[in-house]
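Here is a brief report on one protein model and its ligand. Please read it with the structure open.

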Amino acid sequence: MDKKIIVGPSLLAADFSILKEEIGRAEEAGADFLHCDIMDGHFVPNISFGPSIVKDIRKTTELILDVHLMIEEPQKYLNKFIDAGSDIITVHIETLKEPRKILEDIKSAGLKAGISLNPETPAESLKEVLDIADMILVMTVHPGFGGQGFIEECLPKIEKIKAMFDGDLEVDGGINYKTAQMAVKAGINMIVAGTHLFNSKNMSEDIRKIQCLKK
Ligand code: DX5
Ligand code: ZN
(Lines give C-alpha, C1' and ligand atoms only; values in the text may rest on other atoms or scores of the structure.)
(Ligands and ions follow the chains in the order given, each with its own letter.)
Protein backbone atom coordinates (compact mmCIF):
# COMPACT_ATOMS: atom_id res chain seq x y z
CA MET A 1 0.00 0.00 0.00
CA ASP A 2 1.40 3.38 -0.97
CA LYS A 3 1.59 5.86 1.88
CA LYS A 4 -0.05 9.29 1.80
CA ILE A 5 2.28 12.07 0.59
CA ILE A 6 3.05 14.49 3.40
CA VAL A 7 4.77 17.84 3.02
CA GLY A 8 7.06 19.74 5.38
CA PRO A 9 8.25 23.28 4.70
CA SER A 10 11.91 23.75 5.65
CA LEU A 11 12.23 26.65 8.08
CA LEU A 12 15.70 27.40 6.76
CA ALA A 13 13.95 29.37 4.02
CA ALA A 14 11.70 31.28 6.45
CA ASP A 15 12.29 34.87 7.58
CA PHE A 16 13.68 34.39 11.09
CA SER A 17 12.90 37.98 12.08
CA ILE A 18 9.23 36.94 11.99
CA LEU A 19 9.61 33.24 12.66
CA LYS A 20 6.34 32.84 14.56
CA GLU A 21 4.35 34.34 11.69
CA GLU A 22 6.23 32.17 9.20
CA ILE A 23 5.33 29.05 11.20
CA GLY A 24 1.72 30.21 11.34
CA ARG A 25 1.75 30.76 7.59
CA ALA A 26 3.00 27.19 7.01
CA GLU A 27 0.39 25.81 9.43
CA GLU A 28 -2.47 27.66 7.79
CA ALA A 29 -1.25 26.58 4.38
CA GLY A 30 -1.75 22.94 5.40
CA ALA A 31 1.81 21.80 6.17
CA ASP A 32 1.91 18.27 7.60
CA PHE A 33 5.17 18.84 9.49
CA LEU A 34 7.97 21.38 9.87
CA HIS A 35 11.54 20.58 8.88
CA CYS A 36 14.28 22.13 11.05
CA ASP A 37 17.82 22.16 9.62
CA ILE A 38 20.60 22.06 12.19
CA MET A 39 24.04 22.91 10.77
CA ASP A 40 27.30 23.10 12.69
CA GLY A 41 29.84 24.58 10.26
CA HIS A 42 31.79 21.27 10.34
CA PHE A 43 29.72 18.54 8.74
CA VAL A 44 28.35 21.18 6.38
CA PRO A 45 29.84 24.54 5.40
CA ASN A 46 27.10 26.60 7.04
CA ILE A 47 25.73 27.35 10.51
CA SER A 48 22.02 27.55 11.25
CA PHE A 49 20.49 27.22 14.73
CA GLY A 50 20.54 24.95 17.76
CA PRO A 51 18.27 23.32 20.34
CA SER A 52 17.14 26.53 22.05
CA ILE A 53 15.54 27.73 18.82
CA VAL A 54 13.91 24.32 18.35
CA LYS A 55 12.49 24.72 21.85
CA ASP A 56 11.06 28.13 20.91
CA ILE A 57 9.61 26.70 17.70
CA ARG A 58 7.99 23.93 19.79
CA LYS A 59 6.19 26.59 21.85
CA THR A 60 4.54 28.09 18.79
CA THR A 61 3.21 24.99 17.02
CA GLU A 62 1.75 21.54 17.45
CA LEU A 63 2.96 20.39 14.05
CA ILE A 64 5.40 17.48 13.93
CA LEU A 65 8.94 18.83 14.28
CA ASP A 66 11.26 16.97 11.93
CA VAL A 67 14.79 17.83 13.07
CA HIS A 68 17.57 17.19 10.56
CA LEU A 69 20.96 17.10 12.29
CA MET A 70 23.74 18.02 9.87
CA ILE A 71 26.33 17.98 12.61
CA GLU A 72 29.47 16.07 13.60
CA GLU A 73 29.05 14.00 16.78
CA PRO A 74 25.26 14.06 16.89
CA GLN A 75 25.34 11.78 19.96
CA LYS A 76 26.84 14.61 21.97
CA TYR A 77 23.87 16.92 21.37
CA LEU A 78 21.12 14.33 21.12
CA ASN A 79 19.54 14.87 24.52
CA LYS A 80 19.31 18.61 23.96
CA PHE A 81 17.32 18.09 20.77
CA ILE A 82 15.14 15.47 22.46
CA ASP A 83 14.44 17.84 25.37
CA ALA A 84 13.71 20.67 22.95
CA GLY A 85 10.57 18.83 21.84
CA SER A 86 11.59 17.24 18.53
CA ASP A 87 9.26 14.55 17.17
CA ILE A 88 11.60 13.07 14.58
CA ILE A 89 15.37 13.29 14.79
CA THR A 90 17.42 12.43 11.73
CA VAL A 91 21.15 11.85 11.83
CA HIS A 92 23.61 11.41 8.94
CA ILE A 93 25.14 7.98 8.37
CA GLU A 94 28.40 9.75 7.34
CA THR A 95 28.82 11.09 10.90
CA LEU A 96 28.26 7.83 12.81
CA LYS A 97 30.55 5.19 14.21
CA GLU A 98 27.67 3.35 15.88
CA PRO A 99 24.57 4.10 13.84
CA ARG A 100 22.37 1.54 15.58
CA LYS A 101 23.13 2.95 19.00
CA ILE A 102 21.99 6.49 18.27
CA LEU A 103 18.84 5.32 16.47
CA GLU A 104 18.02 3.16 19.47
CA ASP A 105 18.56 6.13 21.79
CA ILE A 106 16.21 8.29 19.71
CA LYS A 107 13.55 5.59 19.70
CA SER A 108 13.82 4.79 23.37
CA ALA A 109 13.13 8.47 24.09
CA GLY A 110 9.80 7.95 22.30
CA LEU A 111 10.74 9.79 19.10
CA LYS A 112 10.93 8.64 15.50
CA ALA A 113 14.46 7.93 14.31
CA GLY A 114 15.60 8.97 10.87
CA ILE A 115 18.84 8.25 9.04
CA SER A 116 20.06 10.41 6.18
CA LEU A 117 22.58 10.03 3.40
CA ASN A 118 24.34 12.52 1.17
CA PRO A 119 24.04 12.39 -2.63
CA GLU A 120 27.37 10.56 -3.03
CA THR A 121 26.71 8.03 -0.24
CA PRO A 122 25.49 4.66 -1.57
CA ALA A 123 22.25 3.00 -0.47
CA GLU A 124 24.28 0.02 0.81
CA SER A 125 25.71 2.15 3.61
CA LEU A 126 22.31 1.91 5.33
CA LYS A 127 22.17 -1.90 5.42
CA GLU A 128 22.88 -2.24 9.13
CA VAL A 129 20.08 0.14 10.16
CA LEU A 130 17.27 -0.79 7.78
CA ASP A 131 15.47 -2.84 10.42
CA ILE A 132 15.62 -0.12 13.06
CA ALA A 133 15.19 3.25 11.26
CA ASP A 134 11.67 4.71 11.14
CA MET A 135 12.58 6.99 8.28
CA ILE A 136 15.26 7.41 5.63
CA LEU A 137 16.02 10.92 4.39
CA VAL A 138 17.60 10.99 0.94
CA MET A 139 19.47 14.23 0.28
CA THR A 140 19.07 15.44 -3.28
CA VAL A 141 21.48 18.38 -2.86
CA HIS A 142 24.81 18.61 -1.06
CA PRO A 143 23.62 19.64 2.40
CA GLY A 144 24.39 23.09 3.74
CA PHE A 145 22.23 25.55 1.83
CA GLY A 146 18.71 26.05 0.60
CA GLY A 147 17.95 27.05 -2.96
CA GLN A 148 20.19 24.55 -4.77
CA GLY A 149 19.23 22.46 -7.80
CA PHE A 150 17.82 18.91 -7.40
CA ILE A 151 20.39 16.22 -8.26
CA GLU A 152 18.42 13.86 -10.52
CA GLU A 153 21.15 11.21 -10.31
CA CYS A 154 19.82 10.42 -6.81
CA LEU A 155 16.54 9.03 -8.19
CA PRO A 156 17.78 5.47 -8.84
CA LYS A 157 19.08 5.40 -5.27
CA ILE A 158 15.62 6.30 -3.97
CA GLU A 159 14.16 3.39 -5.97
CA LYS A 160 16.80 1.08 -4.58
CA ILE A 161 16.13 2.13 -0.99
CA LYS A 162 12.37 1.86 -1.52
CA ALA A 163 12.86 -1.75 -2.61
CA MET A 164 14.63 -2.66 0.62
CA PHE A 165 12.97 -0.44 3.22
CA ASP A 166 9.43 -0.41 4.57
CA GLY A 167 9.37 2.82 6.60
CA ASP A 168 8.93 6.45 5.62
CA LEU A 169 11.10 7.77 2.79
CA GLU A 170 11.81 11.49 2.81
CA VAL A 171 13.50 13.68 0.22
CA ASP A 172 15.22 17.00 0.90
CA GLY A 173 16.87 19.49 -1.43
CA GLY A 174 15.83 21.29 -4.59
CA ILE A 175 12.19 20.31 -4.32
CA ASN A 176 9.54 22.04 -6.44
CA TYR A 177 6.39 20.59 -8.01
CA LYS A 178 8.31 18.94 -10.85
CA THR A 179 11.09 17.41 -8.73
CA ALA A 180 8.56 16.34 -6.06
CA GLN A 181 6.74 14.44 -8.79
CA MET A 182 9.97 12.62 -9.77
CA ALA A 183 10.71 11.82 -6.12
CA VAL A 184 7.21 10.45 -5.48
CA LYS A 185 7.45 8.27 -8.59
CA ALA A 186 10.70 6.87 -7.21
CA GLY A 187 9.02 5.96 -3.90
CA ILE A 188 9.15 9.02 -1.63
CA ASN A 189 6.23 9.74 0.75
CA MET A 190 7.65 12.67 2.79
CA ILE A 191 8.59 15.83 0.94
CA VAL A 192 10.67 18.67 2.38
CA ALA A 193 10.71 21.98 0.52
CA GLY A 194 12.21 25.26 1.64
CA THR A 195 12.62 27.89 -1.05
CA HIS A 196 9.75 26.61 -3.18
CA LEU A 197 7.21 26.94 -0.37
CA PHE A 198 8.41 29.97 1.57
CA ASN A 199 8.87 31.98 -1.65
CA SER A 200 5.54 30.84 -3.00
CA LYS A 201 2.77 33.33 -3.75
CA ASN A 202 0.26 30.67 -2.74
CA MET A 203 1.81 28.31 -0.23
CA SER A 204 -1.39 26.44 0.45
CA GLU A 205 -1.98 25.69 -3.23
CA ASP A 206 1.65 24.60 -3.66
CA ILE A 207 1.48 22.31 -0.63
CA ARG A 208 -1.82 20.83 -1.75
CA LYS A 209 -0.50 20.12 -5.24
CA ILE A 210 2.39 18.10 -3.82
CA GLN A 211 0.13 16.30 -1.30
CA CYS A 212 -2.05 15.17 -4.21
CA LEU A 213 0.80 13.71 -6.27
CA LYS A 214 0.27 10.10 -7.30
CA LYS A 215 2.97 7.57 -7.92
C1 DX5 B 1 19.85 21.62 2.91
C2 DX5 B 1 18.76 21.42 3.90
C3 DX5 B 1 17.42 21.52 3.33
C4 DX5 B 1 17.08 22.88 2.78
C5 DX5 B 1 16.22 22.65 1.57
O6 DX5 B 1 21.06 21.31 3.47
O7 DX5 B 1 18.87 20.16 4.53
O8 DX5 B 1 16.39 21.13 4.24
O9 DX5 B 1 16.42 23.71 3.68
O10 DX5 B 1 16.04 23.85 0.92
P11 DX5 B 1 15.47 23.92 -0.58
O12 DX5 B 1 14.13 23.27 -0.54
O13 DX5 B 1 15.45 25.37 -0.84
O14 DX5 B 1 16.45 23.17 -1.44
ZN1 ZN C 1 17.12 19.41 5.72
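Ser200 lies in the loop that runs between α7 (195-198) and α8 (203-211). The model is predicted. Ser200 has a relative accessible area of 13%. The cut-off for buried is under 20%, so Ser200 counts as buried.

The side chain of Ser200 makes two kinds of link, one to a side chain and one to the backbone. With the side chain of Asp206, the side chain of Ser200 forms a polar contact of 2.6 Å. The side chain of Ser200 also reaches the backbone nitrogen of Met203, at 3.2 Å.

## The site of ligand 1

## Polar contacts and cover

Which atoms of Ser10 and Asp37 lie by oxygen atoms of ligand 1? For Ser10, a polar side-chain atom is 2.8 Å from an oxygen atom of ligand 1. For Asp37, a polar side-chain atom is 2.7 Å from an oxygen atom of the ligand. Gly194 uses its backbone: an N or O atom there lies 2.8 Å from an oxygen atom of ligand 1.

On its own, ligand 1 has 380 Å² of accessible area, and the protein covers 99% of that area.

Notes: Residues are numbered from 1 along each chain as its sequence is written. Chains are lettered from A and ligands numbered from 1 in the order in which they are written. This is a predicted model: local features need pLDDT of at least 70, side-chain atom pairs count only at pLDDT 80 or more; totals for chains, interfaces and linings use all residues. Side-chain values use heavy atoms; hydrogens and water are left out. A polar contact is a pair of N or O atoms within 3.5 Å; within protein, one must be able to donate a hydrogen and the other to accept it, and residues adjacent in sequence count only if both atoms are side-chain atoms. Accessible areas come from the Shrake-Rupley method with a 1.4 Å probe; for residues, only the protein chains shown count as cover. Helices (H or I, at least four residues) and strands (E, at least two) are DSSP runs, numbered from the N terminus. Buried means under 20% relative accessible area, exposed over 50%, partly exposed in between (1.4 Å probe, protein chains only).
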